[in-house]
Amino acid sequence: MNLEMRQSVQAIIDQLPENYRIVLILSYFQEIPHKDIAEILGVPVGTVKSRLHGAVGLFAQKWKAWVAKETGHNHTENF
């Protein structure tokens, strides 16, 4: 992954609400199991899964907007 893309990924992650950002980082980047994340955060596993689902969806939406801006395409349905 090139530097610009890594910086863009980090910027998008930084924009996520904290409860989404934490579960995304712990799950995807630290590769901590959902059960352990639930224990760390003191929430049920279902809450971790729900937040992760929301985080991935919001990240995808922001990523598509970034790609569209970078490529000059306004139509992101192909992503």
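Here is a tour in stops, each with something to select and a note on what is there.

**Before you click**

What you have is a predicted model, in which local features need pLDDT of at least 70 and side-chain atom pairs count only at pLDDT 80 or more, while totals for chains, interfaces and linings use all residues. Residues are numbered from 1 along each chain as its sequence is written, and side-chain values use heavy atoms, with hydrogens and water left out.

**Stop 1: the whole chain**

Start with a cartoon of everything. The protein has four helices and zero strands, in the order α-α-α-α along the sequence. Helices here are DSSP runs of H or I with at least four residues, strands are runs of E with at least two, and both are numbered from the N terminus. Turn the model along its principal axes, and the C-alpha atoms fill a box of roughly 45 × 25 × 20 Å.

Of the 79 residues, 25% are buried. Buried means under 20% relative accessible area, exposed means over 50%, and partly exposed is in between (1.4 Å probe, protein chains only).

**Stop 2: helix H2**

Select residues 18-29, which form H2. This helix has twelve residues and reaches 15 Å from its first C-alpha to its last, close to the 16 Å expected at 1.5 Å a residue; the expected span is 1.5 Å times one less than the number of residues.

Show the side chains of Val23, Leu24, Leu26 and Ser27, which are buried in H2. What covers the buried residues of H2 includes H1, helix H3 (34-41) and helix H4 (45-71).

Next, pick Arg21, also in H2. This residue counts as partly exposed because its relative accessibility is 23%. Leaving aside neighbours within four places in sequence, Arg21 is in contact with Ile13, Asp14 and Leu16. Draw a distance from Arg21 to Ala11, ten residues away along the chain, and their C-alpha atoms are 11 Å apart.

**Stop 3: Leu16, between H1 and H2**

Move to Leu16, in the loop between H1 and H2. Is Leu16 buried or exposed? At 2% relative accessibility, Leu16 counts as buried. Beyond neighbours within four places in sequence, Leu16 contacts Arg21, Leu24, Ala55, Leu58, Phe59 and Lys62.

**Stop 4: Ser8 in H1**

Select H1, residues 3-15, and zoom in on Ser8. Its relative accessible area is 10%, so Ser8 is buried. Not counting residues up to four places away in sequence, Ser8 touches Trp63 and Trp66.

**Stop 5**

Which loop holds Glu31? Look between H2 and H3. Glu31 has a positive phi of about 55° although it is not a glycine. Most residues other than glycine have a negative phi. Glu31 counts as exposed because its relative accessibility is 65%.

**Stop 6: charges and salt bridges**

Colour by charge to finish. There are 8 positive and 8 negative side chains, and the centres of the two sets lie 4 Å apart. Lys and Arg count as positive and Asp and Glu as negative, with His and the chain ends not counted; each charge is placed at NZ of Lys, CZ of Arg, CG of Asp or CD of Glu.

The structure holds two salt bridges, each a side-chain nitrogen of Lys or Arg within 4 Å of a carboxyl oxygen of Asp or Glu.

- Select Glu39 and Lys35, whose side chains meet at 3.5 Å, N to O. They are separated by about one helical turn because they are four residues apart in helix H3. Glu39 and Lys35 are exposed.
- Select Glu70 and Lys69, whose side chains meet at 4.0 Å, N to O. Glu70 counts as partly exposed at 39% relative accessibility, whereas Lys69 counts as exposed at 61%.

Technical notes:
Contact means heavy atoms within 4.5 Å.
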